[in-house]
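Visitor: I've got the sequence and the model up on my screen. Can you walk me through some of the strands?

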Amino acid sequence: MSLSRRDLVGASSLALLSAAAVSGRVQAQSIPEAPTTTTNTMQPPLYPTSGPDYQPVVTLNGWTLPWRQNGDWKEFHLVAEPVEREMAPGMIARLWGYNGQSPGPTIEAVEGDKVRLFVTNRLPEHTSIHWHGQLLPCGMDGVGGLTQPHIKPGKTFVYEFQLMKSGTFMYHPHADEMVQMAMGMMGFFVVHPRDPKLHRVDRDFVFLLASYDIDPGNYVPKVSEMLNFNMWTFNSRVFPGIDHLVVAKNDRVRVRVGNLTMTNHPIHMHGYDFEVTCTDGGWVRPEARWPEVTIDIPIGAMRAYEFDAIYPGDWALHCHKSHHTMNAMGHDLRTFIGVNKKDFAKQMKRLVPGYMPMGSAGMADMGEMEMPLPDNTLPMMTGFGQFGPIEMGGMFTVLKVREGLSAGDYKDPGWYQHPPGTVAYEVKGPVPAATRAPSPTPQTKAGPVQRVVKPNGHGSHK
Ligand SMILES: [Cu+2]
């Protein structure tokens, strides 16, 4: 039987009032181990071994934090520390994160669970953790200075609360936020419904949007940046380093996205329409949903959308701000479209030996160009598909829907084998010239020629 919200609120407020009395104060020797990882490959979903059943999430290029059951409590141990994150092959960022990576591991639990979260600080400065979206006692809200003393370097704090509702939440510091979020400190917090049949899907993907400003050739983000970010990431990875979303045909799929950048991101998915079913405020009632193909993820917000994967293919999934599907570039790049680069290059080479003209017909040539780059820098647009260069970077990945994948199989199935006759193709042979549109109405001394307007609104020109 599932707990009603009323039961939960009643039971939990009692539990919360007496949490310390029930649990006793935790002693240092009973702190659970802190699992850690330094890899950036997606770990298989962590299926529950006790308690209510649920379909666990998968974290793109990430993992879920194992917990320990201790009496009534699910215990987790997060360690805030400096980490190295490969953003894509060829570029490492020196970030701050949790348990070996940025973002930190995803926390998963069930509505009604009592969770005890240990947080150890191995950063050079103090921190705290805010549990974004959770309903909890004020003193567990993690705002340094306001609801608790800061966690000093070397110290461990404990947060204890009962999970009041299922949904899509996150965690991040509420201490020196400008620095700590710019350095990559964040993670997902998914609470599954107590009733396993409620909001059940077959595959459930999570990723956080983060932005960094890392100058070409550098490793550490500039933390004072307000606007001019150059690395736009899903889970601190950029295309072509972002995992693909691998899905079996006819799966019910949920994608949960949270935004911890300083701008909004219109996330667009090709091939499907879908509905937002959950925000960090809770589940959206079915009668309040509408179809979309792009959803804006506001700053400091989460959105979860769902669809039935009935159309096989390789479908692009990306932020629709075109500069967010680019890797580091000079923002002062001049536009040379329409410039005759031969004459220009001759003059430039006299001034700048080794000057390379580019961009006079657009910038697509940069997608396949092999140009020497500074160390630890990714090409601005890169990545290859089965038909050529994809010319992307940043917030771009692929939804791969395939027939016949078994449940729990997230291996990359390779590129989609298009059925014969279903791919856009080039016309062979002469193509009729485009007909010219009628020229504007001529002016005469007597004034404009009157055009006879037919009832259907079209002019009388032949
Ligand atoms: Cu964006």
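Visitor: Let's start with strand 24: why is strand 24 largely enclosed by the rest of the structure?

Guide: Keep in mind that this is a predicted model. A residue is called buried once 20 or more other C-beta atoms lie within 10 Å of its own. Strand 24 covers residues 396–402, and it is largely enclosed because the number of its seven residues that are buried is six.

Visitor: What is the order of the strands in the five-stranded open sheet?

Guide: The pairing in this sheet is mixed. Strand 24 has parallel strand 13 joined to it by four bridges, and antiparallel strand 21 joined to it by six. Strand 13 and strand 19 (294–297) stand at the edges with a single partner strand each, so one side of each has no neighbour in the sheet. Written out, the order is 13-24-21-15-19.

Visitor: Which residue of strand 24 is the bridge partner of Leu245?

Guide: Look at strand 13, residues 245–248, which runs parallel to strand 24. In that pairing, Val246 stands opposite Lys400. For Leu245, the partner in strand 24 is Leu399.

Visitor: And which residue of strand 24 does Leu317 stand opposite?

Guide: Now go to strand 21, residues 313–319, which is antiparallel to strand 24. Opposite Leu317 you'll find Thr397.

Visitor: Which strands stand at the edges of the four-stranded sheet?

Guide: That open sheet has mixed pairing and the order 5-10-9-7. Its neighbouring strands are turned by 25 degrees against each other on average, direction ignored. An edge strand here has a single partner strand, so one of its sides is left without a neighbour in the sheet; that goes for strand 5 (107–110) and strand 7 (130–132).

Visitor: One more: is Asn70 buried, exposed or partly exposed?

Guide: Asn70 is in strand 2, residues 68–70. Its C-alpha is separated by 9.7 Å from that of Pro32, 38 residues apart along the chain. Buried takes 20 or more other C-beta atoms within 10 Å, and exposed takes 12 or fewer. Asn70 has 14, so it counts as partly exposed.

Methods
Residues numbered from 1 in each chain as written. Predicted model: local features only at pLDDT ≥ 70, side-chain atom pairs only at ≥ 80, totals over all residues. Helix = DSSP H or I, 4+ residues; strand = E, 2+ residues; numbered from the N terminus. Pairing = 2+ DSSP bridges. Axes fitted to C-alpha atoms, helices over the stretch in contact; angles between N-to-C directions.
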